[in-house]
Amino acid sequence: MEWTGLNELREKYLSFFAEKGHLRLDSFPLVPNNDKSLLLINSGMAPMKKWFLGQEEPPCHRVTTCQKCIRTPDIERVGITARHGTFFEMLGNFSFQDYFKPEAIRWAWEFLTGTLEIPADLLYISVYEEDDEAYDIWTKEIGIAPDHMVRFGKEDNFWEHGSGPCGPCSEIYFDRGPEFGCGKPGCKVGCDCDRYMEVWNLVFSQFDSDGKGTYSRLERPNIDTGMGLERLACVMQGVGNLFEVDTVHNILNHVERITGKSYGKDHSTDVSIRVITDHIRSTVFMVSDGILPSNEGRGYVLRRLLRRAARHGRMLGVTRPFLAELCDTVIRENGGAYPELVEHADYIKKTISAEEERFSRTIDQGLNILSNLIEGIEKAAAAGKRRVLAGIDAFKLNDTFGFPLDLTKEIAAENGIEVDEESFHTEMQKQREKARKDRMSRDISGWTADLFGAVDANATEFLGYDVLEAEGTVVALSDGEDLADAVSTDDGAKEGVLVVLDRTPFYAESGGQVADAGVITTAGGAHLAVTACKKTPKGYYVHTCTLEDGVVHKGERVIASVERERRHAIMRNHTGAHLLQKALREVLGAHVHQAGSYEDDERLRFDFTHFNAVTPQELAEVERIVNAKIFEALDVNVKVMPIKEAKELGAMALFGEKYGDMVRVVDISGFSTEFCGGTHVSNTAKLGCFKILSESSVAAGIRRIEATTGYGVLHLLDEKTDILCETAGMLKVANTHELASRAAALMAELKAAQKELEAMKMQQADMKARGLFENAKEVDGVKIFSMYLTGTAADALRKLCDDARSKVSDSVTAVIGESEGKITLAVAVGKQAQARGLAAGKLAKQIAAIAGGNGGGKPDFAMAGIKDASRIDDALNAVPGIVKEAME
């Protein structure tokens, strides 16, 4: 076998299976589509679950891919060993009810021994202990010697995940030689040492499991294979681990140049170099697929990886942000197979740089605080206490210094210290202000089988691009719990009725655009108010309705009517969102990409990538551009075309979105061209006008603009006009144009009145101070000034105390004031009195305690709250005795 580069291996594999009749698909994005069970794509099969389950018809029954994957369960091991990594590519060939074991086994052997010319005697095969069929194919058809065959049990060679398709698997191992082995006499396939490396796993999905131990044979089984590209490269390049594979090693070399460190000379240095090398690969691909750093979900995984890499850079002596520099090498090594990396290069580097700079502003201070905490724990441990970092401390490191919990745990573990995770999560829960919306108990767009999964009918034909009313037939019906042949009203309107039509003008909620509302009227006279519409994986449009009267039957003819004014308003706002994105890119730069959107009949909300607040001047320019395009009355053209043609036109696609061969493109006369499945006006003039309502931050690197069009702008003008008229009436101004001058005059009057009030307060304070000195008492040579003042706030009490302390050095001042229901004690001690052992903090605590209060402070000044107003006189009368006792 010859040395082969990783990129060449990928191409050889995909070309081999394309020649075997497989459809060659690009890698799916790392962000799962309609699969809430996964945070990130972690296998070649994961994006194709719907095809395995028969929920959707695959584009071809034979498919081959090289899928980018992220796995992070062993993240703390990445770097410590050379065997672990978070990013990898998975080669796979798949059969959806097409070929089965004979072809899968034969082609795997042909590729390895024929195309790659790997010596057959270096390959070993494992099969499930009960899978005689696979064993016979390997031994009798392929000719594998029995001493190169191994049978394993269910734990090793049977693939299943809960209920659903499952089956035995057969794994192909490569013998790396005795120098990689453990040297034990019984070393063989299955040993924990590094000699026999699993290269390829062939999964034969031939059973359907109920998740309780019962397996039924599938009438049409599937094939799911997976071979790690980096592992295969290790074999073909004769290297020990993934960090020595050509493309990865080039990234590692770049890390060496930046850090000035050499790999292979020091274990701790090697750990840090491997961490940075692996994590920059993962983060570049994640950002390219539209993931942004955050404190939740996949955004947290990205932040955790970036900040872990940045910390290891510090450990190697790199104190400046450097991760963005490594992006160029990652993109160069992988851009041929993943052109989106090249396309998004500037955005990737800017996102990673912004996150690293954000962390660099706090990392040193956070590390110092954590180091001090660890030192304190170690001292306490010497006295017999547990080596545990309090959850509140871990929370503060996260909240104030941006330390992900996992980074704190890793640093603590390096010092033999555990983290109290339970109390950490308690603190995190307290902090969360944004309530999470409960997911629907039955999510018809999810991975699990939906309510209409068993319906045998063609997908719903959507007519809503062209008409807002159409005839159709009820092909499926549910009362909200189960499928039904008919649903009727009982004691009034029945909510939650689900109706599937063979054709509909109702737009199903998708791409940020809300669903249409309207009515469905049956031939029998039943009336259903449509409140929502969703599309299932099989393409059924499910209308959520309230049956207002009558009976609706499966198979019945109906008329479906969309609420026109609402739909037209939604269309205006959706087209406005397209104009807004283009205007933002013109004003802010090409790094702006859509990060989320929402369009209903009242407003549009557009989330986009940008790293600073948009200035008022920039917002005004964006608004001007959008309105200019509205007044130009630009035609909005919609066309379905091949994706290649759309990209040549410069059509913008959503980050991380997977598109088919044919795409729908919305072109606003060349000004804005985007992939979009939503509904739009035919001409920008129909928007009427566009107005930005607000601009805010959603997350790090994500801004949000809310805006409105058409009648929304008129309603906004009416609202503002009403406020102006109401304000004019309150200020007794006849014309709203005079409001500004009247407000300015009132402000001047108010400022003058405040100045006069301040002067009066000063006079009053002087009078109170004189009264304070006149009522002085003396204890053993220390003058005591005490008084209760109503209508006196804490600031005034502080000034009184400061005056008394500065004028009379051998004095103690104790004044209680009440303002707006709050009672406060202030205590001051002059320098000479302090020299006699008196301290304001201690005195305040004792005095306040008499009136049920508590407080404290410094030796010269202290404050306390008073709870029991009835004991104020008792507290002040006790001051001389407390002072005398304190001096004894």
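Two strands count as paired if DSSP finds at least two bridges between them. Helices (H or I, at least four residues) and strands (E, at least two) are DSSP runs, numbered from the N terminus. The model shown is predicted: local features need pLDDT of at least 70, side-chain atom pairs count only at pLDDT 80 or more, and totals for chains, interfaces and linings use all residues. Residues are numbered from 1 along each chain as its sequence is written, and side-chain values use heavy atoms, leaving out hydrogens and water.

**View A. Strand 28 pairs with strand 23 and with strand 27.** Strand 23 (residues 604-609) runs antiparallel to strand 28, and six bridges join them. Thr 609 has Ile 702 of strand 28 as its bridge partner. Strand 27 (residues 690-699) also pairs with strand 28 in the antiparallel sense, over eight bridges. Here Glu 695 is bridged to Ile 705 of strand 28. Strand 27 and strand 28 form a hairpin with two residues between the strands. In that hairpin, Gly 701 takes a positive phi near 80°. Strand 28 (residues 702-709) is largely enclosed by the rest of the structure, because seven of its eight residues are buried (under 20% relative accessible area; exposed is over 50%, partly exposed in between; 1.4 Å probe, protein chains only).

**View B. A nonpolar patch on the surface includes Leu 714.** Tyr 711, Leu 714 and Leu 717 make up the patch, with about 330 Å² of accessible area together. Patch residues have over 30% relative accessible area and no salt bridge; like charges are joined within 9 Å, nonpolar side chains (Val, Leu, Ile, Met, Phe, Trp, Tyr) within 5 Å. A salt bridge is a side-chain nitrogen of Lys or Arg within 4 Å of a carboxyl oxygen of Asp or Glu. Areas come from the Shrake-Rupley method with a 1.4 Å probe; for residues, only the protein chains shown count as cover. Leu 714 belongs to helix 19 (residues 711-730). Its relative accessible area is 44%, so Leu 714 is partly exposed.

**View C. Ser 43 is buried in a loop.** The loop lies between strand 1 (23-24) and helix 2 (49-52). Ser 43 has a relative accessible area of 18%. Leaving aside residues up to four places away in sequence, Ser 43 touches Gln 67, Cys 69 and Arg 71 (heavy atoms within 4.5 Å). A polar atom of the Ser 43 side chain lies 3.2 Å from the backbone nitrogen of Ala 46.

**View D. Helix 6 is largely enclosed by the rest of the structure.** Eight of the nine residues of helix 6 (residues 229-237) are buried. Among them are Leu 229, Glu 230 and Met 236. Gly 238 follows helix 6, with a positive phi near 65°.

Terms used. Polar contact = N/O pair within 3.5 Å; in protein donor to acceptor, adjacent residues only side chain to side chain.
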